[in-house]
Amino acid sequence: MISSTAAGSSTLNSRLNIYSVQSWRQPAWISNVMLSGPLHKEFTWLHGENVLQIQRCNFLRYARSENPKSYRGKAASVSSCLKNQSTKYFDFSVIGSGVAGLRYALEVAKHGTVAVITKAEPHESNTNYAQGGVSAVLCPSDSVESHMHDTIVAGAYLCDEETVRVVCTEGPDRIRELITMGAMFDHGEDGNLQLAREGGHSHHRIVHSADMTGREIERALLEAVVNDPNIFVFQHHFAIDLLTSQDGPNTVCLGVDTLNSETLKVVRFISKVTLLASGGAGHIYSSTTNPPVATGDGIAMAHRAQAVISNMEFVQFHPTALADEGLPIKPKKTRENAFLITEAVRGDGGILYNLGMERFMPLYNERAELAPRDVVARGIDDQLKKRNENYVLLDISHKNKEKILSHFPNIASECLKCGLDITRQPIPVVPAAHYMCGGVRAGLQGETNVRGLYVAGEVACTGLHGANRLASNSLLEALVFARRAVKPSIHHLKSSKLDHSASNCWPRPIAPNALGNQAMDDILRTTKKVRKELQLIMWQYVGIVRSTIRLQTAEEKISELENNWERYLFQKGWEQTMVGLEACEMRNLFCCAKLVVSSALARHESRGLHYTIDYPHVEESKRLPTVIFPSSLNCTWSSRQLHKQAIC
């Protein structure tokens, strides 16, 4: 399983159909056997790692509707496909409308037609909720080497050094491109960019737009996308499964099936190149800063399509989400996602106190509040458990009032709605699930082991973050890899052959219209309940501090919950080919949760975001990524692609 941790581990989730759990450290063995053919060619940073071979994970879900108004642009070459409501043909399909998907779309649109497929409104993405900023070396006193060092230290030395160098080196140019495109970042009185500092950074290098940086980047990119005649945006289209084919030993991606969540119709996109930029899986937990759309769809979909997955045990909990129960005026309704209190508050001098007004972070790390997120989150978690309290306090009120309001207007406004003035009172905060450091394994150009499939953003595991993401490196990674994926995508486009008859190679999923309203209402109600149960299991057993027994308990509970849910669906008349938004989302949540738990059980050490009381120390011999290879074993309805792989 994991080269450094799997030895002797034989009790992994049988529901994932793990058929090989062993420990290998011989790079030659891995290269010759595990990585023969395309895998070895495409993953230059796979030598000597933790290998976890798992069955593919697959699931179902419900629908919404189709909106013709979502089509943007007027490219004549695709006018005919826009008239066809069931099948559409493009040169490039982009799944996701965050910074990675939009930045990639703008570049490849110079070479062909692009469909941007987004689950909700185009702006609804993790990018839009990113407050802090983008890290880049833009100050003369800073250096690429310093940024690399900070990234690798925060990542608990599990980062791929070549990837880190690429991102830190190319980052400044990606920022300048955004500025050229119209993104407006904060500037100081001298006219230069105002650079903030956040936890884990040794220099001021965070480019920001107050505390709404992601929103400003999204605005600039969306404006450019809307004005590009070669880009067509399909909103409210939920990606169901990738369309794959076998070409000799290679798996090839030829598009994606989607469900229009407004019309409840399946729409098939055929394309030579697909970029997966669908974000993370924060909603496997009951408390997360992610928007509701972050249900791990891309990771699960890629896993079902035979893509390699890596480092899923490393889930970052942001130390400071707003603790609603500590507010003077409680919100009238429960939030769908926790309100983030950006890292920059601590970077600007915010201090953490327990409810006894004792500053505690110096007890845990010499960098105190400026320690990396995993350290701060564990410090807060320890305080809450020792003192039997539900939140801690983050105080910035000792700083200049005008500066607080100018740096954090969004946070100040949100807190003021709840009767709290952050210029005079401390902010109640608690950790919440925030970012997946693991995901679909990617090479230096965003390539995966599935030909024609590229990944960028949170859905990808590039090797940059290692065991813990350095603050504000996520938007940077998305920008860098979105651009790096362009060149190989164009090359693949030119070398690929695909005609319109390819659409008939796969059977089509169907919406569950035949079940009737009562059955659908029952399924929706039950699925909503099951979703909350899964989130609670993950929160209670697979959180900031873990143990083997708790992980095994989570594994058993998740398997039982999934099996019961699947049986219920079929008892209600659900069929193999049916798809619906809520059910497909649920299967993706199950898949990602199982990948996280299995990967966590495989790592017999504590490194970065993965801390287990059974193996509390870092083991140098186990400083290896966790890698989940696809398998060809038979699996249940909820863990396979809806359509069989086609040979076109």
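**View 1. Residues around the second largest cavity.** Asn311, Cys437, Cys461, Thr462, Gly463, Leu464, His465, Gly466 and Glu477 line the second largest cavity. This is a predicted model, in which local features need pLDDT of at least 70 and side-chain atom pairs count only at pLDDT 80 or more, while totals for chains, interfaces and linings use all residues. Residues are numbered from 1 along each chain as its sequence is written, and side-chain values use heavy atoms, with hydrogens and water left out. A cavity here is a set of points, on a 1 Å grid over the protein atoms alone, where a 1.4 Å probe fits but cannot get out; lining residues have an atom within 4 Å of a point. The second largest cavity holds about 30 Å³ of space, a volume being the space filled by probe spheres set on the points, with grid points joined across faces, edges and corners. Its lining has 3 nonpolar, 5 polar and 1 charged residues. For these classes, Ala, Val, Leu, Ile, Met, Phe, Trp, Tyr, Cys and Pro count as nonpolar, Asp, Glu, Lys and Arg as charged, and the others, Gly among them, as polar.

**View 2. Residues around the largest cavity.** The count comes to 2 cavities of 30 Å³ or more, and the largest has about 50 Å³ of space. Around the largest cavity you can find Val315, Phe317, Asp374, Ala377, Arg378, Ile544 and Leu609. Strand S12 (315-322) and helix H11 (373-387) are the elements that give two or more residues to this lining. The largest share, 3 residues, comes from H11. Helices (H or I, at least four residues) and strands (E, at least two) are DSSP runs, numbered from the N terminus. By class, the lining of the largest cavity has 5 nonpolar, no polar and 2 charged residues.

**View 3. Helix H7 with helix H14.** The axes of H7 (residues 161-180) and H14 (residues 474-484) come within 8 Å and cross at roughly 90°. That makes H7 roughly perpendicular to H14. Axes are lines fitted to C-alpha atoms, for helices over the stretch in contact, and angles run from 0 to 180 degrees between N-to-C directions. Angles under 35 degrees count as roughly parallel, over 145 as roughly antiparallel, 65 to 115 as roughly perpendicular and the rest as oblique. Among the residues that meet are Thr163, Val166 and Glu170 in H7 and Leu476, Glu477 and Phe481 in H14, where contact means heavy atoms within 4.5 Å. This contact has 8 nonpolar, 2 polar and 6 charged residues.

**View 4. Helix H9 with helix H18.** Here the axes of H9 (residues 297-304) and H18 (residues 581-602) come within 8 Å and cross at roughly 80°. H9 and H18 are therefore roughly perpendicular to each other. Look for Asp297, Ile299, Ala300, His303 and Arg304 in H9, which meet Glu585, Arg587, Asn588, Cys591, Cys592 and Leu595 in H18. Their contact has 5 nonpolar, 2 polar and 4 charged residues.

**View 5. Helix H16 with helix H17.** H16 (residues 517-541) and H17 (residues 548-571) pack at an angle of about 175°, with their axes 10 Å apart. That makes H16 roughly antiparallel to H17. The residues that meet include Ile523, Val530 and Tyr541 in H16 and Leu551, Ile558 and Trp565 in H17. By class, this contact has 13 nonpolar, 4 polar and 4 charged residues.

Technical notes. On a 1 Å grid over the protein atoms alone, a cavity is a set of points where a 1.4 Å probe fits but cannot get out, and a pocket is an open set with protein on both sides within 12 Å along at least five of seven lines; lining residues have an atom within 4 Å of a point.
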